[in-house]
Amino acid sequence: MSHSIPRVGFVSLGCPKATVDSEHILTRLRAEGYEISGSYDDAELVVVNTCGFIDAAVAESLDAIGEALSENGRVIVTGCLGAKSDVILDAHPQVLAVTGPHATEEVMQAIHAHVPKPHDPFVDLVPPQGIRLTPKHYAYLKISEGCNHRCTFCIIPSMRGDLVSRPIGDVLREAEKLAEAGVKELLVISQDTSAYGVDVKYRTGFWGGRPVKTRLLDLAKALGELGIWVRMHYVYPYPSVDDLIPLMAEGHVLPYLDVPFQHASAGVLKAMRRPASAENVLERVKKWRSICPDLTIRSTFITGFPGETEADFEELLRFLEMAELDRVGAFAYSPVEGAAANALDNPVPEAVRESRRARLMAFQEDISTQRLEAKIGREMTVLIDDVDEDGAIARSPGDAPDIDGLVYIPGADHLEVGTFAQVRITDCDVHDLYADLLQDPLPR
């Protein structure tokens, strides 16, 4: 039955925790302008909040779903039994959607898909993807806040606290909205992306009616289903990162890692209270590239950290030579108020800190150039960032916005920003690539 104000029926089963979940959903329904129907035949669809704790509860829930389907025909299922979606779909394959418990957002998303919410002249001024400061074709996706590390040069934990991972369902819904709004590239960010889910013990969440663990690998797999570029930033080189590399080799996420190594000397890393060692990192980088030869690795380093000797710095340069990182940024150490490093012995004079930074960047310049030269003659897909009278300016899978290089495509001034194009690399300089256009635009 159709109404000027949409009406939703509701059946709530189970324990008090399920009752609270029902209250949250009902509150959202009323806040968005829906009416709650007390009968099947007066509702445009019915939500059934199920219980699945014991066999009798499962049977009761399946019966309630069956009754709602018989009396109304349009049913969304949520709750504990929803975590076993196969049980529900085997018995009632005609349900509109299935979500697990604690899934208010997913339930509302399913309701919106089948019974659009009433227009709100105030709230509806805000686009579904929210207000963003980036260009329309890429967006940052923050997956957690805070950090569990206590690096001596950093005060982020004192400002933002320990790691707090966002619920994976919330993250994936935000990503989905961004993709639907036309975003072509998601840049995954946090203070420690590799640690995503550690604080909640990789708790299972729900997205699109299916369970997904709060873990970086599972997040990457799900994001890879959106059909857009996914780029990983601030990834610590934990062993768990190894699992991401096959996804990159298979094209599910971009073959790109932003890994903040910070140094290579064991003594300096210990003073910084950083995880991992240079030997482990070199072996890991070698393994990553054997699996995904196209992998781009960018990193940042600190020169002149308190106690850093000339031998430590030379060790860092040797590390860069062996690791052959694609992109490198360097910062001369600068004391930060409140950082534990301020109390360390043997501070390095400012002039030496700056000199070492300049030497590092000059040393890395040849390495980065050689990595770019190896791409000459190759074909690749690029994302158009800008167009002017000289042609198009794009980025390759190995280039993050604002921090990496660009791909210049002369004569391609007819291309549109936010589209993909196929190019062949013809030349490079220290930072950027130059290319000829082969095909445009690419469907995506």
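Mentor: Start with the residue classes. Ala, Val, Leu, Ile, Met, Phe, Trp, Tyr, Cys and Pro count as nonpolar, Asp, Glu, Lys and Arg as charged, and the others, Gly among them, as polar. By that scheme, the lining of the largest pocket has 21 nonpolar, eight polar and four charged residues. Keep in mind that this is a predicted model.

Trainee: What is the volume of the largest pocket, and which residues lie nearest its centre?

Mentor: The volume is about 840 Å³. The lining has 33 residues, and Phe153, Ile156, Tyr234, Gln262 and Thr300 lie nearest the centre. Two or more lining residues come from each of α5 (156–160), β9 (185–189), β14 (296–303) and β15 (327–332).

Trainee: How many cavities of 30 Å³ or more does the structure hold?

Mentor: There are two of them. The second largest cavity has about 40 Å³ of space, which is above the 30 Å³ cut-off.

Trainee: What makes a space a cavity and not a pocket?

Mentor: In a cavity a 1.4 Å probe fits but cannot get out, whereas a pocket is open.

Trainee: Which residues line the second largest cavity, and how do they divide by class?

Mentor: The lining consists of Thr296, Asp326, Arg327, Ser368, Arg371, Leu372, Lys375, Gly398 and Asp399. Leu is on the nonpolar list, while Asp, Arg and Lys are on the charged list and Gly goes with the polar residues.

Trainee: What makes up the contact of α6 with α7, by class?

Mentor: Ile168, Val171, Leu172 and Ala175 of α6 make the contact with Leu219, Ala222 and Leu223 of α7. Ile, Val, Leu and Ala are all listed as nonpolar, so the count is seven nonpolar, no polar and no charged residues.

Trainee: How do you know that α11 and α12 are roughly parallel to each other?

Mentor: Helix α11 (residues 310–323) packs against α12 at an angle of about 20 degrees, with the axes 10 Å apart. That angle is under 35 degrees, and therefore the two are roughly parallel. This crossing is right-handed as well.

Trainee: Which residues of α11 and α12 meet?

Mentor: Glu310, Phe313, Glu314, Leu316, Leu317, Leu320 and Glu321 in α11 meet Arg356, Arg359, Leu360, Phe363, Gln364 and Ile367 in α12. By class there are seven nonpolar, one polar and five charged residues.

Trainee: Where do α4 and α6 make contact, and what classes are involved?

Mentor: The axes of helix α4 (residues 104–114) and α6 come within 9 Å. Glu105, Glu106 and Gln109 of α4 contact Asp170, Arg173 and Glu176 of α6. Glu, Asp and Arg count as charged, and the contact has no nonpolar, one polar and five charged residues.

Terms used. Residues numbered from 1 in each chain as written. Predicted model: local features only at pLDDT ≥ 70, side-chain atom pairs only at ≥ 80, totals over all residues. Heavy atoms only, no water. Contact = heavy atoms within 4.5 Å. Helix = DSSP H or I, 4+ residues; strand = E, 2+ residues; numbered from the N terminus. 1 Å grid on protein atoms, 1.4 Å probe; cavity = no way out; pocket = protein on both sides within 12 Å on 5 of 7 lines; lining within 4 Å. Points joined across faces, edges and corners; volume = space filled by probe spheres on them. Axes fitted to C-alpha atoms, helices over the stretch in contact; angles between N-to-C directions. Parallel < 35°, antiparallel > 145°, perpendicular 65-115°, else oblique. Left-handed = near helix turned anticlockwise from the far one by under 90°.
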